[in-house]
Amino acid sequence: MSRSDGETAFGEQDLYLFNEGNHAGLYRLMGAHPCEQGGAAGIRFAVWAPNAREVAVVGDFNGWRPDANPLRCLGASGVWEGFVPGAKPGDRYKFWLKNRETGEELWKADPFAFRAEVPPATASVVADLAYAWGDGDWMRRRGEVNRHDRPMAIYEVHLGSWRRGPGGEMLTYRELAPQLAEYAAAHGFTHVELMPVMEHPFYGSWGYQVTGYFAPSSRWGSPQDFMFLVDTLHQAGIGVILDWVPSHFPDDAFALARFDGTHLFEHADPRRGYHPDWGSLVFNYGRHEVRSFLLSSAMFWLDVYHADGLRVDAVASMLYLDYSRKPGEWEPNVFGGREDLDAIRFLRRLNETVYLLAPGTQTVAEESTAWPMVSRPTSMGGLGFGFKWDMGWMHDTLLYFGHDPVHRKWHHNLLTFRALYGFTENFVLALSHDEVVHGKGSLLGKMPGDDWQKFANLRLLLAYQWTLPGKKLLFMGQEFGQWSEWNHERELEWHLAGFERHAGLARLVGDLNRLYRELPALHATDHDPAGFEWIDCTDAEQSTLSFLRRSPDGRREVAVALNFTPVPRVSHVIGVPHGGTWREVLNTDAEEYWGSGMGNLGGVEAEAEPAHGRPYALRIVLPPLGAVVFAHDE
C-alpha cells in the first residue's frame, strides 16, 4: 500500500466519491501509509475532521507534540493530510484536533488505523500490510464454493476462548491457525465464522463493541498474523466469514465518538444516535462520508484480508427507528413510519457494492424480525443480502426441545411452522453463541432427561438441523457436547472430548457434514421449495416427523424420519415415491455415536403398498430420540 506519486494521495474523484457517500476504497487513502516524498521515506497521514480548526498527527516520531506535524485541509472535503518523514511502521500515533467553534482539544485514535495498541492502551500503530499469500487456488475457486447450491456448514468461533495455552493465556493468530484449520477440516465444516476480530477495547463485548473498523485485534497478534490465519484456513479448504458490526459503536472518548468535537460518525439526535440495548452510539447512515467509511470497512476485509463473507450483526436494530425504544424515545421517518430509511438505503448500497467489487463472496444478515426480502436482490426491492439467519427456527426448535418428550405432542406445530416460510429467504439455520450465554446454558444442558436422553436429544437436534433445507451454523463446543455455558474468559472444556459419549457426538457432527457435502439432495436445494416435501408432518400423537429432500434433477432423493420421544417405533411406515432399496446412510442411535444401536441393518426394501399418498412404503425401525436418513439413487 505504499505510494510515491506526488504530494497528495487524493484525486478529485476520490474526494468527490467520499463526500458523495460512494467511495468503498478509502483504506487505500485514509489513515497511515508508508511512502516516499522528496526522496525521504516516511508516512502519509490522512483523517476526516470537517469541523476542526486545526489537526496534527502526534506520535513516537515527534514526541507527541501537536505543534510538530500539522496537517493541511484538502479544500472543502473535510479531509486533512500530511507527510511525516522518518515515521515508520511500528510507530504509535494519534490525531490531535481542535474544534472550530469551541476550541476543544481532542486526542483521537485513527478511524482508519490498520493496527492498534493492545488494549487497554488506545493509540493507533502504523502498519505495513504486505503479505505473501499462499491461497491463490482458493481465491480462484471461492465463487464456486460460496454458491447458494453448494454445501455451507459453518463453525462459529470466538478466538479468545476456543483454545488457550497451558497457563490459560490466549493463543496468537499464528498459534491458532493450524489447530483451527485441522479441527474444522477433520469435522467436515466448510467455513469458519469468526466473532468480531476488529479491534475492541472491552474484551467482554466479544468483539461487538468495535473501535477499530480496519484493524484486527492486537490481542492475538499483528495484521500479518491474522492474514496467516485466513491463509491457513483457505489452504485447508475452509472459507472464512467475519462478523462485522455496522449497527453501533462504543462511546469511548479516544475513538469515533464526537470525533472532531461534534457528532461526526454518530447521529446527533439521541433518539437515533444512542442505542439503549448496548449503551452505544448509532452511525448516522444519512451522512455521505459515514456511508463511505462503512462501505470501505466492509470491502477492506474482503479485499485485504481475503475474507469470503461478512455476517452483518444486529440488522434489525438498524432497520427500525423504534427498536428497543419506548414511545417518545424515537422519531418517525418523513412518512410517519418506523423504518429507518437511511439505514435501508445504506444496507442496499452495501450489498450492491460487495457483490460488484468482491465477486464470489457472500453477506449474511442477522435479522430477527419478519422484514420482507432481506436476502432478495435490491432490484426486486430486497435488501440484497446473500443469506439470512433463521432466528424463528432457532427459537421454535429450542423451545420444542426444552419440553419433556411426554409433552411434545402438544407443541408439534413448533416443528412444522417453519415450512410455511422456509423458502421466503435464503436461510441459515444457526445455533449460535447467543443461545449458550446469559444463563441459557449449553445446548446439551437445555436437553431434558437423564444423561443418555440429553445426548440422544442433542444428536436428534443436530440431525434435524442438518437435514432441513438451509445452510448450517454451529457454535464451538456444541459439536462435542460441552456441559457448561460458554465463558469467554476460558477455553472450551476440551477434556470432555475424550469421553465416549462426547466423542460420539463429535463423530456424528463429522458424519452429518460428510453426508451434507456428498448428497446433493441435502444441500443443492437448500433454498428451492422443489427440493423439500413432507412425508408426514401430522403425527403429533407419536411426535414423529418425516420428509423428503430432492436433488435439483429430481432423480436422487433422501428420506428423513425423526422420533422426538424415547419410545422406539418398530415397523414405522413412511411413504416413498420409488421402489427398490433405500440405503440407511445415517442413524443417530448408532452405537458409534453412543446410541442404543437400534437400526435398519443398512437399508430397507420398499414395499408396493401405498402410504402417505405415495405408491411405496418403507417399514422402518425408528429408534428412540433418533433420526434415520435413507438415500435412494435412480
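A: The buried residues of helix α3 are covered by elements that include the strands β9 (153-157), β10 (191-194) and β12 (212-216), along with helix α4 (223-235). Helices here are DSSP runs of H or I with at least four residues, strands are runs of E with at least two, and both are numbered from the N terminus. This is a predicted model, with residues numbered from 1 along each chain. Local features need pLDDT of at least 70, side-chain atom pairs need 80 or more, totals for chains, interfaces and linings use all residues, and side-chain values use heavy atoms with hydrogens and water left out.

So what's under that cover? In α3 the buried residues are Y173, L176, A177, L180, A181, Y183 and A184, where buried means under 20% relative accessible area with a 1.4 Å probe, protein chains only. For the spacing, remember that an α-helix has 3.6 residues a turn, so residues three or four places apart point the same way.

Just after α3, G188 takes a positive phi of about 80°.

L180 is among the contacts of L194 (heavy atoms within 4.5 Å). Neighbours within four places in sequence aside, L194 also touches V157, L159, F226, L229, V240, I241, L242 and D243. Within the largest nonpolar core, which has 167 residues, L194 and W244 touch the most other members. Such a core is a set of buried Ala, Val, Leu, Ile, Met, Phe, Trp, Tyr and Cys residues joined through side-chain atoms within 4.5 Å. Helix α6 (residues 288-303) gives this core its largest share, nine residues. There is also a second, separate core of 14 residues, with L548, A561, I574 and L622 among them.

A cavity is a set of points on a 1 Å grid over the protein atoms alone where a 1.4 Å probe fits but cannot get out, and lining residues have an atom within 4 Å of a point. The largest cavity is lined by 20 residues, with A109, A116, T211, G212 and F254 nearest its centre.

Technical notes: On a 1 Å grid over the protein atoms alone, a cavity is a set of points where a 1.4 Å probe fits but cannot get out, and a pocket is an open set with protein on both sides within 12 Å along at least five of seven lines; lining residues have an atom within 4 Å of a point. Buried means under 20% relative accessible area, exposed over 50%, partly exposed in between (1.4 Å probe, protein chains only).
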